[in-house]
Amino acid sequence: MPHRPFYVTTPIYYISGNPHVGHVYTSIAADVLARYHRANGRTFFLTGTDEHGQKVAAAAAEAGLDPQAWTDALVPKWRALLARYDVEFDDFIRTSEERHKRQCVEVFERLKASGDVYLGTYEGWYCTNDETFWLETKLVDGRCPNPECGREVQWLSEDNWFFALSKYRDRLVTYYREHPQWLRPERAYNEMLATLEGGLEDLCISRVNLEWGVPLPGGGVMYVWLDALLNYITALDFASDSVRFRTFWPASVQLIGKEIARFHTIIWPAVLWALGLPSPELVFAHGWITLEGQKMSKSLGNVIDPFEIADRFGSDTIRYFLLREAPFGSDFSFSEEKVRLRRNGDLGNDLGNLVKRTLAMLTRYRDGHVPAGVPSDIGKRFADLGARVGTQVEALAFREALETTWELVTALNRAIDEKRPWDLHKRGADAELDATLYELCEGLRWLAHLTAPFMPATARGIWSQLGFDGEPRGPWAEELVWGRLAGGAVTQPSDIALFPRLDAVAP
């Protein structure tokens, strides 16, 4: 049965300041989904940068640059981050691009024509840091209620354009109750449903005293949060009803941090419905990476440099750690010692040594040639492994998918310890030795496929040492069939360990 085209997005990252490991976390999760789904059919992975708003304009002015020049100078760093972590996106959109701004104006005109946008006067409290309007009842001691911010707010009175969000409140409540799995995890779903049940006010969608944004007809610029949300459809060229848009919308999965759930799961579906478009199939609000119980953020100054840790541990080690450490959706703490233990244990001792021992024995006993395949107990036991791991990846159960994959790693290591190929060789038990060596090599072929979405460089390393060109590709339903590794294949073991051991750093 053909798979529906798969469309996954990250939030576009607010370009102000430097990337941190929290940005890497979301990007890696999206990359895992995209790599897995590309093996099964048409896939589109979108990421990018959010470049408008008062905060960006102020930072550019402080640097002595106009906002466009300032953002132009920052974008290469974000692209370099994704490249450093082997994140393969299909499009990188910038909200300062003409293709985006042109379609934002088209949205504005359509919403105005339908009566969903109207002119009114806004008076209320505004947080410049969050670029968010807040009701007085939501303020905490007169400050921004976002726990990551807590800054002073200012009173604004402006004639602005409004989106009639309140009229979609009942439809949103109904949609939530009829589609309890559209927003996950359950914590985020419950929080947003409670917000809806408390009522909604119309949303101010323009700013008159700001120049750095999408210019609107008649003056002013589009409110940065609406501008940012629209990237998910402007990248598909929705305004011209393009083939790409008709192929990939609605989005299959939109990944966000839980702090921006309100924008993506209340405002965003309402705007889409006003345009006559369906809402995304799934929005997943993942948890925070914490240090000493606090979320990592630029404003708190407790961020970890993602380039530095990739250089120290390797990008695949970080990819593995971030998705293996906790269920996706939960908060979890980051420490370099935890990363080191995962690298030396799961990756070095378990997987790395398995590859090294297997290929060393094959070289020693069979001159690096894979024996002919025979029926295998491990092959029978793990016949459904690809289906099980695939189901977990599709459910965004990344930790569980890696745990299930490691069942095969454990079984192969146990086979070495129990069957003792060195003793089989000494005894001249050639048939049993051939069967054991084939079982191990075929197991490595499977592991190359299973780890490819999570640790692409590692998967390529295993693949090349098995003597194959390129990288493991193809649908798992076809590739993860025991016995596909041809007897007689010549392996090419490397002298360099996949995961050399890292010693603890002295305090």
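Arg484 is partly exposed, with a relative accessible area of 45%, where partly exposed denotes the range between buried (under 20% relative accessible area) and exposed (over 50%), computed with a 1.4 Å probe on protein chains only. The structure is a predicted model, in which local features need pLDDT of at least 70 and side-chain atom pairs count only at pLDDT 80 or more, whereas totals for chains, interfaces and linings use all residues. Residues are numbered from 1 along each chain as its sequence is written, and side-chain values use heavy atoms, with hydrogens and water left out.

Arg484 forms a salt bridge with Glu479, with 3.5 Å between the closest N and O atoms; a salt bridge is a side-chain nitrogen of Lys or Arg within 4 Å of a carboxyl oxygen of Asp or Glu. Glu479 is buried, at a relative accessible area of 16%. Salt bridges with shared partners join Asp31, Arg35, Arg38, Glu88, Asp90 and Arg319 into one network. By the stated rule the count of salt bridges comes to 40. One of them links the side chains of Glu97 and Arg99, at 2.8 Å from N to O. Glu97 is partly exposed, with a relative accessible area of 24%, and Arg99 is likewise partly exposed, at 26%. A salt bridge is also formed by the side chains of Arg342 and Glu325, at 3.2 Å from N to O. Arg342 lies in helix H13 and Glu325 in the loop between H12 and strand S16 (332-333), so this pair ties together parts that are 17 residues apart in sequence. Arg342 and Glu325 are both buried. Helices (H or I, at least four residues) and strands (E, at least two) are DSSP runs, numbered from the N terminus.

In helix H11 (residues 306-313), the buried residues are Pro306, Ile309, Ala310 and Phe313. Viewed down the axis of H11, these residues fall within an arc of 105°, so they line one face of the helix; the arc is that of the directions from the helix axis to the C-beta atoms. The cover over the buried residues of H11 includes H1, helix H3 (67-84), helix H12 (315-324) and helix H13 (336-366). At the N-terminal end, H11 is capped by Asp305, a side-chain oxygen of which lies 2.9 Å from the backbone nitrogen of Phe307.

Strand S3 (residues 43-50) has eight of its eight residues buried, so it is largely enclosed by the rest of the structure. Strand S1 (residues 6-9) pairs with S3 in the parallel sense over four bridges, two strands being paired if DSSP finds at least two bridges between them. Within these strands, Val8 stands opposite Phe45 in S3. Strand S2 (residues 13-14) runs parallel to S3 and is joined to it by two bridges, with Asp50 in S3 as the bridge partner of Tyr14. Four bridges join S3 to strand S4 (residues 91-94), again in parallel, and the partner of Thr49 in S4 is Arg94.

Three bridges join strand S5 (residues 117-127) to S6 in the antiparallel sense, and Tyr126 has Phe133 in S6 as its bridge partner. Leu119 is also found in S5 and counts as exposed, at 56% relative accessibility. Apart from neighbours within four places in sequence, Leu119 is in contact (heavy atoms within 4.5 Å) with Asn160 and Trp161. Leu119 and Ser206 are 87 residues apart in sequence and 9.8 Å apart in space, C-alpha to C-alpha.

Two further buried positions were examined. Thr26, in helix H1 (residues 21-38), is buried, with a relative accessible area of 3%. Not counting residues up to four places away in sequence, Thr26 touches Thr10, Pro11, Tyr13, Leu255 and His286. Pro250 is found in the loop between helix H9 (243-248) and strand S12 (253-257) and is buried, at a relative accessible area of 15%. Contacts of Pro250, leaving aside neighbours within four places in sequence, are with Arg4, Pro278, Ser279, Pro280 and Glu281. The C-alpha atoms of Pro250 and Pro278, 28 residues apart along the chain, are separated by 6.1 Å.

Note on methods: A polar contact is a pair of N or O atoms within 3.5 Å; within protein, one must be able to donate a hydrogen and the other to accept it, and residues adjacent in sequence count only if both atoms are side-chain atoms.
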